[in-house]
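Visitor: I would like to go through the labels used for this model and hear the grounds for each.

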Amino acid sequence: MKHLVRKLKTMAVLLVVVVISAHAQKTPQDMDRFIDALMKKMTLEEKIGQLNLPVTGDITTGQAKSSDVAKRISQGEVGGLFNLKGVAKIRDVQKQAVENSRLGIPLLFGMDVIHGYETVFPIPLGLSCTWDMKAIEQSARIAAIEASADGISWTFSPMVDVSRDARWGRISEGSGEDPFLGAAIARAMVKGYQGKNMSGKDEIMACVKHFALYGAPEAGRDYNTVDMSRNRMFNEYMLPYQAAVEAGAGSAMAAFNEVDGVPATGNKWLMTDVLRTQWGFDGFVVTDYTGISEMVDHGMGDLQAVAALALNAGIDMDMVSDAFVSTLKKSVEEGKVSVASIDKACRRMLEAKYKLGLFENPYKYCDVKRPAKDIFTPEHRAIARKTASESFVLMKNDNQTLPLQKKGTIAVIGPLGNTRSNMPGTWSVAAVLDNAPSLVEGLKEVTKGKANVVYAKGSNLMSDAAYEERATMFGRSLHRDNRTDKEMLEEALRISADADVIVAALGESSEMSGESSCRTDLTMPDVQRTLLEELLKTGKPVVLVLFTGRPLVLTWEKENVPAILNVWFGGSEAALAIGDVLFGDVNPSGKLTTTFPQNVGQVPLFYAHKNTGRPLNKGWFEKFRTNYLDVSNEPLYPFGYGLSYTSFTYSDISLDRSSMAVNGELTATVTLTNTGNRDGAEVVQLYIRDLVASITRPVKELKGFEKVFLKAGESRKVSFKITPELLKFYNYDLQFVCEPGEFDLMIGGNSQEVKTTRFVLTD
Ligand code: NOJ
């Protein structure tokens with residue numbers, strides 16, 4: 001009897017699903033009708049349940065039914081789960097929702113697929129240094145193909161927070177300091193993840209984060225207070241979020257920080273007035289982790305109060321806090337939250353599932369045959385390798401130290417030289433850490449026995465063992481060596497003695513950047529610097545292969561090391577890609593998207609600064625000018641900077657006209673020539689300065705770029721169309737306007753070395 005009842009129940013559920021499927025059409029009206037009908041059947045508790053994204057817990061395959069999460073799912077308390085890996089597990093859990101909850105509403109499965117899935121691409125900061133929008137879009141496309149093959153329907157990416165503070169660990173997760181470039185990357189990533197419209201089996205929903213201003217915490221300390229003028233907000237920080245919204249991002253994540261004194265998670269102006277009313281966002285907003293309950297510590301009230309605050313501000317989904325499920329019903333009863341607000345949020349959650357096609361097929365992403373053919377494939381890995389090689393920035397190359405030849409003995413020395421687990425970089429939760437060859441392994445493979453590649457660790461990551469432990473969490477241990485510093489150094493020097501060239505693999509471990517990984521000292525850690533000094537004393541050519549997730553202070557290295565290749569964290573194929581560049585099979589073309597300071601005291605340091613009323617005219621120090629007593633205002637390496645194995649020259653700029661009307665346009669052209677003897681790519685950068693305006697304007701702002709490949713000796717004309725749209729900014733009243741007057745137009749290979757001309761915008 002029990003059995004029969006159960007069977008009938010299942011059939012009824014299936015019928016609901018079938019009825020739902022029959023209605024699942026693609027027009028917005030059909031979606032509305034479908035959701036209206038579904039919501040009529042839902043209790044208040046079930047509606048609130050859709051707004052809940054609890055911690056998954058550890059569900060193993062076959063265990064889904066018995067887990068606590070399963071109980072909550074069957075009670076209709078769960079709208080989605082996150083960071084559960086494995087299609088079989090996800091299928092099991094989805095089955096719980098579809099077959100064992102009253103209305104059979106499918107779950108969303110989210111994950112931090114930040115820079116690839118098992119095929120890992122460079123960390124986002126590295127990826128941005130490719131300036132290659134096609135490659136960036138493709139990295140997101142491949143991430144979506146792999147994640148969707150493994151059951152994931154929703155990624156917590158792109159992270160588009162502009163950051164100008166090298167101390168902040170999460171600078172590694174974004175696209176650097178520039179809003180114009182950041183916006184282009186945001187668009188490319190959303191397109192890559194979502195494909196045409198999220199209807200394909202390999203198209204997943206993007207989540208633009210962290211809205212808003214998360215990249216500007218005071219003192220570069222994660223989760224710290226953010227406070228900035230609206231003027232700066234809209235002119236310098238908001239553009240990438242808006243671009244992701246305009247590209248159709250299906251969801252957004254609230255930032256942990258406050259904005260204008262109100263935590264983003266409870267900030268109605270931000271979540272409703274700006275995001276929805278001003279920008280037309282029609283997806284759903286999820287909190288960042290315990291963003292709701294954290295408002296208690298922010299001093300915004302008790303759990304019930306902050307949950308109501310969040311919902312009323314425009315938050316739709318509560319990640320982890322359990323605040324919505326535990327308090328919203330009470331708040332409705334007490335008149336603190338309206339049913340209409342809950343309905344609105346619930347509708348948005350259901351719309352997301354509808355748009356993903358989950359009502360039509362809850363198992364759309366649960367084809368257990370897909371992982372074997374779609375994840376970590378040779379094709380994906382080859383693309384990741386190429387993309388990684390494009391992300392490396394050649395910072396210095398005296399006397400053509402690079403490229404190296406595939407011959408003789410190459411000594412790889414350093415704590416980052418033989419680690420697999422550190423290659424993928426921070427926030428690579430889906431990576432199989434052992435899959436990524438270490439640098440030594442990669443160089444052996446690339447040289448194919450033509451060179452003798454030897455290795456010594458040379459030093460630990462740093463002398464402080466406790467610091468090293470903090471900096472190598474989540475399975476990224478560098479296996480601290482118990483020998484003395486002296487013993488390790490001696491071994492390195494012994495091994496280097498027989499080498500023709502030394503590749504020093506130094507810098508940060510992958511977990512020295514990323515979430516909750518901020519630093520106040522950005523120099524090379526102590527024992528690594530000593531090691532480098534000793535290696536240089538051998539008199540052999542030394543190439544510094546720099547691993548880092550942020551701009552470091554490399555003042556000493558710039559002065560003393562002949563060649564520096566900044567490889568960030570290049571992903572699962574990084575080691576091979578480094579080999580490709582070191583040996584010249586690939587000519588480096590990466591350009592910095594973040595300024596490298598001379599010392600940490602200069603931070604925040606960025607190219608698009610204001611002139612001030614007392615600009616420093618020339619040189620270093622001038623009394624009563626804006627400068628320091630102890631260091632010049634210059635960066636160590638400017639935004640846009642990066643060398644190549646070839647060289648490029650820029651002609652003067654020619655304009656097709658010297659003035660344009662507010663409804664007109666003009667074209668600026670330069671001739672770029674590859675003057676060296678190797679083929680190579682150059683990122684041609686366009687900057688503009690508004691000379692006189694109703695508010696102060698930056699000394700230059702990126703307004704265009706093109707990555708151009710030229711054969712040795714080849715020349716090409718590169719043109720940029722200047723439209724009034726490019727000249728607009730948010731004025732004092734936050735209206736987006738362009739103002740007639742004079743503009744400097746600059747084109748060059750980095751933000752400091754540019755050709756300049758002038759044009760006029762007329763009424
Ligand atoms: C906290 C991080 O800030 C966010 O970026 C991430 O997506 C969530 N945790 C979920 O893991």
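This is a predicted model: local features need pLDDT of at least 70, side-chain atom pairs count only at pLDDT 80 or more; totals for chains, interfaces and linings use all residues.

Visitor: What makes Asp-112, Arg-170, Lys-209, His-210 and Asp-288 stand out around the ligand?

Guide: Of the 14 residues around the ligand, those five come nearest.

Visitor: Which classes of residue form the shell around the ligand?

Guide: The shell has seven nonpolar, two polar and five charged residues.

Visitor: Why is the pair Lys-47 and Asp-343 called a salt bridge?

Guide: The term requires a side-chain nitrogen of Lys or Arg within 4 Å of a carboxyl oxygen of Asp or Glu. The closest N and O atoms of Lys-47 and Asp-343 are 2.9 Å apart, so the pair qualifies. Lys-47 belongs to helix α3 and Asp-343 to helix α15, so the bridge ties together parts that are 296 residues apart in sequence. In total, the structure holds 49 salt bridges.

Visitor: Why is Lys-47 called buried, and what is Asp-343 called?

Guide: Buried means under 20% relative accessible area, and exposed means over 50%. Lys-47 has 10% relative accessibility and therefore counts as buried. Asp-343 has 23%, which falls in between, so Asp-343 is partly exposed.

Visitor: What does the salt bridge between Arg-348 and Asp-316 tie together?

Guide: The side chains of Arg-348 and Asp-316 meet at 2.7 Å, N to O. Arg-348 is in helix α15 and Asp-316 in the loop between α13 and β10, so the bridge ties together parts 32 residues apart in sequence. Both Arg-348 and Asp-316 are buried.

Visitor: How do you know that Lys-721 and Glu-665 form a salt bridge?

Guide: Their closest N and O atoms are 4.0 Å apart, a value to set against the cut-off of 4 Å; the pair is counted as a salt bridge. Lys-721 lies in strand β23 and Glu-665 in the loop between β19 and β20, so parts 56 residues apart in sequence are tied together. Glu-665, at 36% relative accessibility, counts as partly exposed.

Visitor: Why is Glu-573 called buried?

Guide: Its relative accessible area is 2%, and the limit is under 20%, so Glu-573 is buried. Glu-573 sits in the loop between β16 and α23. Residues that Glu-573 touches include Val-120, Phe-376 and Arg-381. The side chain of Glu-573 also makes a polar contact with that of Ser-572, at 2.8 Å.

Visitor: Is Glu-469 buried or exposed?

Guide: Glu-469, in helix α19, has 59% relative accessibility. The threshold for exposed is over 50%, so Glu-469 counts as exposed.

Methods: Residues are numbered from 1 along each chain as its sequence is written. Side-chain values use heavy atoms; hydrogens and water are left out. A residue is near a molecule or strand if one of its heavy atoms lies within 4 Å of it. Ala, Val, Leu, Ile, Met, Phe, Trp, Tyr, Cys and Pro count as nonpolar, Asp, Glu, Lys and Arg as charged, and the others, Gly among them, as polar. Helices (H or I, at least four residues) and strands (E, at least two) are DSSP runs, numbered from the N terminus. Buried means under 20% relative accessible area, exposed over 50%, partly exposed in between (1.4 Å probe, protein chains only). Contact means heavy atoms within 4.5 Å. A polar contact is a pair of N or O atoms within 3.5 Å; within protein, one must be able to donate a hydrogen and the other to accept it, and residues adjacent in sequence count only if both atoms are side-chain atoms. Lists of a residue's contacts leave out its neighbours within four places in sequence.
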